[in-house]
Amino acid sequence: MSTVKPPSPRRRAPKPAPVPPSCETCAGTGETTTAVRVGRKHREIDATQTALCPDCFGTGTT
């Protein structure tokens, strides 16, 4: 008596990982820019500085 082995199921390609939505504050870059303020009255000058995004902490995703 011989038993017939059923065929093995076909392997499927793994589903791609879902892409998290990009951060709205930094538009996905992970950095924000702010104007530099100087003096006692905190007047703004033409310079800007970059910093990590406070919403996503530099990852670019929410």
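This is a predicted model: local features need pLDDT of at least 70, side-chain atom pairs count only at pLDDT 80 or more; totals for chains, interfaces and linings use all residues.
Contact here means heavy atoms within 4.5 Å. Residues are numbered from 1 along each chain as its sequence is written, and side-chain values use heavy atoms, with hydrogens and water left out.

**View 1. The whole chain, before we zoom in.**
Residues 24 or more positions apart account for 40% of the contacts in the protein chain with a separation of 6 or more. The chain has 0 helices and 2 strands; helices (H or I, at least four residues) and strands (E, at least two) are DSSP runs, numbered from the N terminus. Its radius of gyration is 27 Å, well over the 11 Å that the globule rule gives for 62 residues, so the chain is more spread out than a compact globule. That radius is taken over C-alpha atoms, and the globule rule is 2.2 Å times the number of residues to the power 0.38. Along the principal axes, the C-alpha atoms fill a box of roughly 95 × 15 × 15 Å. Of the 62 residues, 13% count as buried. Buried means under 20% relative accessible area, exposed over 50%, and partly exposed in between (1.4 Å probe, protein chains only). The accessible surface comes to about 6,200 Å², with 55% of it belonging to carbon and sulfur atoms; such areas come from the Shrake-Rupley method with a 1.4 Å probe, and for residues only the protein chains shown count as cover.

**View 2. The segment before E1, seen at Pro-18.**
Pro-18 sits in the segment before E1. Its relative accessibility is 75%, which is why Pro-18 counts as exposed. From Pro-18 to Thr-29 the sequence runs 11 residues, and their C-alpha atoms are 19 Å apart in space.

**View 3. The E1–E2 hairpin.**
Strands E1 and E2 run antiparallel and are joined by 7 bridges; two strands pair if DSSP finds at least two bridges between them. They form a hairpin with 4 residues between them, and Gly-39 in the turn has a positive phi of about 85 degrees. His-42 is found in the loop between E1 and strand E2 (43-52). The phi of His-42 is near 55 degrees, a positive value in a residue other than glycine, and at 52% relative accessibility His-42 counts as exposed.

Thr-32 lies in strand E1 (residues 31-38). Is Thr-32 buried or exposed? At 17% relative accessibility, Thr-32 counts as buried. Leaving aside neighbours within four places in sequence, Thr-32 is in contact with several residues, including Thr-25, Cys-26, Thr-50 and Cys-53.

**View 4. Ile-45 on strand E2.**
Ile-45 is found in strand E2 and, at 34% relative accessibility, counts as partly exposed. Not counting residues up to four places away in sequence, Ile-45 touches Val-36 and Val-38. Its C-alpha atom is separated by 7.1 Å from that of Ala-35, 10 residues apart along the chain. Of the 10 residues of E2, the number buried is 0, so the strand lies largely in the open.

Side chains of opposite charge can pair when their charged atoms come close. A search of the whole structure finds 1 salt bridge, meaning a side-chain nitrogen of Lys or Arg within 4 Å of a carboxyl oxygen of Asp or Glu. Which side chains meet in a salt bridge? They are those of Arg-37 and Glu-44, at 3.4 Å from N to O. Arg-37 is exposed, with a relative accessible area of 53%.

The structure holds 0 disulfides, a disulfide being a pair of cysteine sulfur atoms within 2.5 Å. For Cys-26, the nearest cysteine sulfur is that of Cys-56, 3.7 Å away. Cys-26 is buried, with a relative accessible area of 5%. The sulfur of Cys-53 is also 3.7 Å from its closest cysteine sulfur, in Cys-56, too far for a bond; at 1% relative accessibility, Cys-53 counts as buried. Phe-57 is found in the segment after E2 and is exposed, with a relative accessible area of 65%. The phi of Phe-57 is near 55 degrees, a positive value in a residue other than glycine.
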